[in-house]
Amino acid sequence: MKALVTASIAILLSTAAYAVEPTGSDKFNTDPGFDLGTLSADNFYDVIVPLAKKEGTVTFYDFTDSFGPLFNDRFIPEFEAKYGIKVEYVRGEDKAANQQLIAAHNSGAKAPADAYFVSSGSLPLLGGEGVVANVPLHKLLPSGAALDPAIATVTSGIDHGGTFLPFHRNQTGIIFDTRTVPADTVPTNLDSLAAWAKANPGKFVVTSPAGGGSGSGLMQAIAFAKVTDAACRETFVQWNITKTEADAFAAGDCMAPVWDYYKDILSSIEVTNGNSDTLNLIANGAGAIGTAWEDMAYDFTGRGLLPPTVRQQLLEEGQVGGGDGLFLPVNGSNPAAGLLMLDFLMSKEVQLEKLSAVGSRSARTDIDPAQSFTPEQVARLIPTEQFKERALARMPAVLNDQLAAYFTANVLRK
Amino acid sequence: MSGSKVKTATLLLCLLPGVGYLLALFGLPLVRVLSGSFTERGSEGPTLATWAELFGNPVYMDGLWFSLWLGIAPTIVSLCISLPLSALMQANETSRKLFGTLYKIPLVVPGIVAGFLVLVILDRGGMAGRLLAPLGVTMPRLVRDDWGAGAIIALSWKTVPFMTLIIAGSMAAISKDVLSAARTLGANHLTVLRRIQLPLAQPGVTAAVLLSFIGSLGSYVIPSLLGPSYPLPLSVHMFSEGFQQGNWPMVYAMGTLLSAMAIAVLLAYYAIIGSLSRNDTARG
């Protein structure tokens, strides 16, 4: 029986039509125990499912707190029921998990998990340490075919060739309560927003850029809109920028229009310490317009923590978003089950369920909320047309951190 | 082995549980924190760079003063409530039972719950604001205000029971005969409190002030929830430097500085109390 299965797999591998090639190298940096060179999206299930079932278990690592219930209650039980493979689910702080993975790799030990979900900020470190398998997952996995190729191959300016799957996409935006700001009068660009804020003191609630991603998202959006000099704008995509360079940029002439924008409205706005804090003030009715993460506001509204009259939008100049991703580690204990889990998590069903449950966007091009969701759910999201036209990629994390520090020290510090 | 050596060894063995505990759980971490503050992220060897960055950054210095403010203000507010409350509890059995029950309620409520209670009640658009709005009364800004009023209220709310527990215990230990003698000699309640109860309860008051100040100085959750977006206390900076930036030398330096400032404030407190006591004694 064992010989028959082995022979069948060997035949399937030998007939692979469009086998994938390693990225950034002429050979794969991991040896899963089967020939990656003959594996393709066409023969993926025929080859991988029997191997994964034989492995019987998969360890999946998740760096978030927010996705825990979704994995625990839905995706993992669904995966186990579909394939009969037991999932060991591990959650924890990603800095520690990254170091553990790197230490295991450097000592020649097996990777602690078979599939990883980490922040996109971890990619430079993990890629640099050689712990990410150089397998173009967007080509290998059947679920990868529907992914936007640009999003599937480039993350935070790093061209990883598809080794880092965009599992979760998020977007910063502006939320407003239509009870106090009717949708047809809400400011739609930065200048009208500033004018509205000054006319309505305390009603525009802004998360501090150092306190939460929605605040730094607005800061980046202002920078993208107000910094027009081409040489200055090159810094926004300088992914290898150092802390010292970022400090100098924050204090230089390039960013002056951004700080001037904030100084102009600072006495009229409420600056909060976190994303939830901002949403709470909107929920209380104390604020009318605020900065927000789209998925967080979607979730809060769905759970009744924000009134159903709250709507989301992107400013005309565009607002930034990002996301977090999945990868196959080098030298995992159950590589076939790991690959199968990654494929499952990128499937249309899971991505749609994720968007519906927590407002987490997808890089799949075949998902349109208007086609699948109720009108009430669609109303809780940023309008799809705005998302397509106005979503911008985030700046390098180092630059963002130093801009936020400069804001605190020189704008917020009165 | 000679008799004196055996004696010394026995003595050391007897001291080991106490001294060893102090060395292992207090001395060693303190040495680690202090030595760690003289390192720099990403480089080996001793350096003053982290301290220079700490003292050279106005954001951190504002954070230090705000930490001290959040240590001192709730302690003073709590003392102003706890002292008369403790004295009232000594007056008779009824007041002891009544206040003795009431003040203990916040004792069992965790700090984060106290923070959320204040947030829900006193924030803009909160319960108090909504109740007062029909009366035309607008609540002053208490949450995220520049003085940290909301944080001070929550910290005081948590501190009063601890302080009262200690001070009331000290006052209860004062002999009733002494208080009766003072009353017999014509002293009123205020004089008894000022000239008899407070001086005799001084060790308890000092302990209560010390514990409250240290607790408030290092608080993290309540200032995070209720404090202004600027300045942030050093405790909040320590968290972000450690867990978001991975800058542990800065965490060590901030921790050392906070501890040093706490010691300085307490020494100043002892000096003031000592001076007041001497003046009181001199007046006879």
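This is a predicted model: local features need pLDDT of at least 70, side-chain atom pairs count only at pLDDT 80 or more; totals for chains, interfaces and linings use all residues.
Residues are numbered from 1 along each chain as its sequence is written, while chains are lettered from A and ligands numbered from 1 in the order in which they are written.

Chain A holds 20 helices and 12 strands, which are DSSP runs numbered from the N terminus (H or I over at least four residues for helices, E over at least two for strands). With a radius of gyration of 23 Å, close to the 22 Å from the globule rule for 414 residues, chain A is as compact as a globular protein of that length. That radius is taken over C-alpha atoms, and the rule is 2.2 Å times the number of residues to the power 0.38. Along the principal axes, the C-alpha atoms of chain A fill a box of roughly 80 × 45 × 35 Å. Of the contacts in chain A between residues at least 6 apart in sequence, 78% join residues at least 24 apart; a contact here means C-beta atoms, placed from the backbone, within 7 Å.

A:Phe236 makes a handy close-up. A:Phe236 sits in the loop between helix 10 (230-234) and helix 11 (243-251) of chain A, and is buried, with 21 other C-beta atoms within 10 Å. Leaving out residues up to four places away in sequence, A:Phe236 touches A:Ala223, A:Phe224 and A:Met395.

Now for chain B. Its average pLDDT, the predictor's confidence in each residue from 0 to 100, is 89, and 98% of the residues score at least 70. Among the elements of chain B, helix 2 (residues 49-56) has the highest mean pLDDT (95) and helix 4 (residues 93-102) the lowest (77). The model as a whole scores ipTM 0.76 and pTM 0.81.

Where the chains meet, 12 residues of chain B are in contact with 14 residues of chain A. Helix 3 (residues 58-91) of chain B gives the most to chain B's side, with three residues. By class, that side has three nonpolar, five polar and four charged residues.

Notes:
Two residues are in contact if their C-beta atoms, placed from the backbone, lie within 7 Å. Ala, Val, Leu, Ile, Met, Phe, Trp, Tyr, Cys and Pro count as nonpolar, Asp, Glu, Lys and Arg as charged, and the others, Gly among them, as polar. A residue is buried if 20 or more other C-beta atoms lie within 10 Å of its own, exposed if 12 or fewer, and partly exposed in between; C-beta atoms are placed from the backbone.
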